[in-house]
Each structure stands twice: as structure tokens, then as C-alpha cells.
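Please look at the sequence and the three-dimensional structure together, and keep both in view while you read the explanation that follows.

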Amino acid sequence: MIDNYDHYITRNIRAFYKRRLFSPILYLLILLVLWLIFPLGEMLSPMPLKNASQIEDVYAARKEYVTVTFENLTFTGYTTSRFGSTNGYWYYGEKDEVCYVVLLTPFTCVEGLPNIEKLTTTCRIVNHPKLYTQLKDALSSDLEWTTEGLSNQLPEVFYSEPDNNPLTNFALFLIYFGTMIYSVISLIRYTLFIYLPHLAPACQNLVVFDNPKKQLAEAEEELATLPQLATEDMFITEHYFIMTSPYGNAIVPIQEILWIYKYSTLHKFLWYHFSISYTLHITANKHMFIQCPKNIKSDIDGIIDYLSEANHDILVGFTEENRLKVEAKQGKPFHIEKWAALLNKKV
């Protein structure tokens, strides 16, 4: 049992959010590594390329995504398909006596226009030997060339518009930057809670009763001077129930508690039963709900007995009758169900 409870709640709030700093920091590092390994920057801002014949030089410089202007493209008569539907049309063009191959989407080429005089689009420079070899074999047969001879005239890579899917890229960056923003906000919040513990949710939930900072100070003082009951992570003082566990922190004024009960959970793997843990559920005024998970039965029974003695108005045990009494006393919270009912009524 801990002897020194000076600023014990504050210390546990800080320790709780220090542990939680690890996840957003690790995730942001993963995002940074992904940005460095994959060409995400190029996908977001493709390099402008005016001369399409520079394809091999650009690819050698490890630039894959480009916005390029093509002139005088000619349809080869060949297409590619994916999942049973045509997803690309093969074209070829020439610039500065250098031939190059372009794979266009059906929308861009209007499903196989014979010639395209000028086109500016964003493509990915792709090295796909199998797909490219099939095209070379077909073209060499049409031109009565050898595949080797045709390969000498064409670069080893080609422009592919289907490999730069705007919808896929948008979804990718939406997830990337959305989760990055969430991680940064979480990092800022956790850091703020470490330096100003009274702003943490465990304390701010008390705003419906009184000033959170004031109540935190009162709970700290009562816990430090004379705790009435103490388990491993649950405490009762003269006016407060306090939880400081690895799963979260909570402070509840005893006079505001309406209902308490315990819920058991059987932990097992396949047919083997490991243990049973108990969760203490507390319902207080102003729609405050607290769960204290993974405790032992004797600790929770002691807490329930003491709280029911400290406040005789507290309902004990999970029954439908108790649930209805609590619901009648505090009413239903104004949440999504009420919004849905209001929208249905308007419709």
C-alpha cells in the first residue's frame, strides 16, 4: 500500500498521458518513414515535364510521377484489361527522334482515338517488363520487326496514366494527412494534460458539478490527509470516489452518485479459463458514467459497501428496476437518437 498520497491524482494523470505519448510519436515516425521511402511527395505534386522524350533520364533520377505534355500520339491498336474490363489504351509518340510509349485511360483517349494532337496529363513512369514485352511482341509482329530490334528503338519504361489514379491518391492522402493531424492533435493534448492535469478529461468531467481545478485540489487534499478506503487503484475520501488505474483516471463526488454495480468478465482462450475480472460501473448525476475495469471481487465489494453506506440514496446492483429509476431521475441524454428522431419528425 502506498503511504505517500501527496498530489497522487495529479501524478497518476501525468503518468497516464506520458504513457499515451508513445503511440502518436511512433505513428508520426512511421508516417515520416513512409514519406521518405515511397514517392508520396511526387504523387502530391508531380514534376512538370515538357519534353516526353526525357522519360529514361527522369526515371533514372528516381522521379516516377510527372505531369507531361504529349504531341502527335498514335493509337497502336492494343489495349490492356483488368478484372475483365479495358483499363488502358497503348499509344506511341516521337520527340527529338526518340520514341516513347504511353498507356492512357479510356476516358482520356475517348476509348481509342486514332490520333491525339496534344495532351497534357499526369502519369506514372512504370517499369513493367511483362506487360511491356507483350506489347513489343505484338508490335514487332505487325511491323515485321524482331522484338529485339524494336526494343532498341523504345525505352525500357513507359508512361502510364492508369497507374496514377486520382481517386486512389485522394483516398490515400486523406487517410495519411487525416491520421497525421489526429496524431498531432493527440500529441498536443497529451502534452497539455501532462503540464496542466486539471485540463484532463478526468477533471473536466467535474465541470457539471463545480470548478474542476477546485474539486481536484479538494480530492488531492482529502486523499493525502485521510483516505477512508484504498485499494490498488480505487480510493474513497470523505467526499470523493477516485480511480487511478492504467486504463484511466476518474474523480466522482460521492453525493452525486446515483447507481453502482459490478460486472464480471470471464477471460479464456479456446476452452481454457484463465481468470475472472470485475468491472465497477458508476452512474452519477449529469449523465456521468465511470467504469473501473479489471479489479478483484473483494476490492469492488468493499467499494460498493462503503459508498452505499456513505450515500444511502445510491442504488446498488444491476436490475431493470434500478435502471428505470436512474433514467427517470436524470432523463435521457440529448444524443444521436434524439437528433435522429428530430430529423425523422422534420422529414
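His 287 lies in the loop between strand 12 (272-284) and strand 13 (288-295), where helices (H or I, at least four residues) and strands (E, at least two) are DSSP runs numbered from the N terminus. This is a predicted model, in which local features need pLDDT of at least 70 and side-chain atom pairs count only at pLDDT 80 or more, while totals for chains, interfaces and linings use all residues. Residues are numbered from 1 along each chain as its sequence is written, and side-chain values use heavy atoms, with hydrogens and water left out.

Although His 287 is not a glycine, its phi is positive, at about 60°. His 287 counts as partly exposed because its relative accessibility is 28%, given that buried means under 20% relative accessible area, exposed over 50%, and partly exposed in between (1.4 Å probe, protein chains only). Glu 111, which is not a glycine either, has a positive phi of about 55°, and it is found in the loop between strand 4 (98-104) and strand 5 (115-126). With a relative accessible area of 59%, Glu 111 is exposed.

Strand 5 pairs with strand 2 (residues 65-82) in the antiparallel sense over nine bridges, and Asn 115 in strand 5 is the bridge partner of Thr 74. Strand 5 also pairs with strand 6 (residues 158-160), again in the antiparallel sense, over three bridges; here the bridge partner of Val 126 is Phe 158 in strand 6.

Another set of four strands forms an open sheet in the order 7-8-9-10, with antiparallel pairing. Its edge strands are strand 7 (229-230) and strand 10, each of which pairs on one side only. Strand 9 and strand 10 are joined in the antiparallel sense over six bridges, and Tyr 240 has Pro 253 of strand 10 as its bridge partner. Helix 1 packs on this sheet and touches strand 8, strand 9 and strand 10, where contact means heavy atoms within 4.5 Å. The direction of helix 1 makes about 35° with that of strand 9, such angles running from 0 to 180 degrees between N-to-C directions, with axes as lines fitted to C-alpha atoms, for helices over the stretch in contact. Helix 10 (residues 297-310) also packs on the sheet, touching strand 7, strand 8 and strand 9, and its direction makes about 20° with that of strand 8.

Helix 1 (residues 8-20) also meets helix 9 (residues 212-225), their axes coming within 8 Å and crossing at roughly 115°. Tyr 8, Ile 9 and Thr 10 of helix 1 make this contact with Leu 216, Ala 219, Glu 220 and Leu 223 of helix 9. Within helix 9, the buried residues are Pro 212, Gln 215, Leu 216, Ala 219, Glu 220, Glu 222 and Leu 223. The buried residues of helix 9 pack against helix 1, helix 8 (201-204), strand 8 (234-236), strand 9 (240-245) and strand 10 (248-253).

Finally, Asn 169 is found in helix 7 (residues 166-195), and Asn 169 counts as buried because its relative accessibility is 11%. Leaving aside residues up to four places away in sequence, Asn 169 touches Met 43 and Asn 164.

Definitions and conventions: Pairing = 2+ DSSP bridges.
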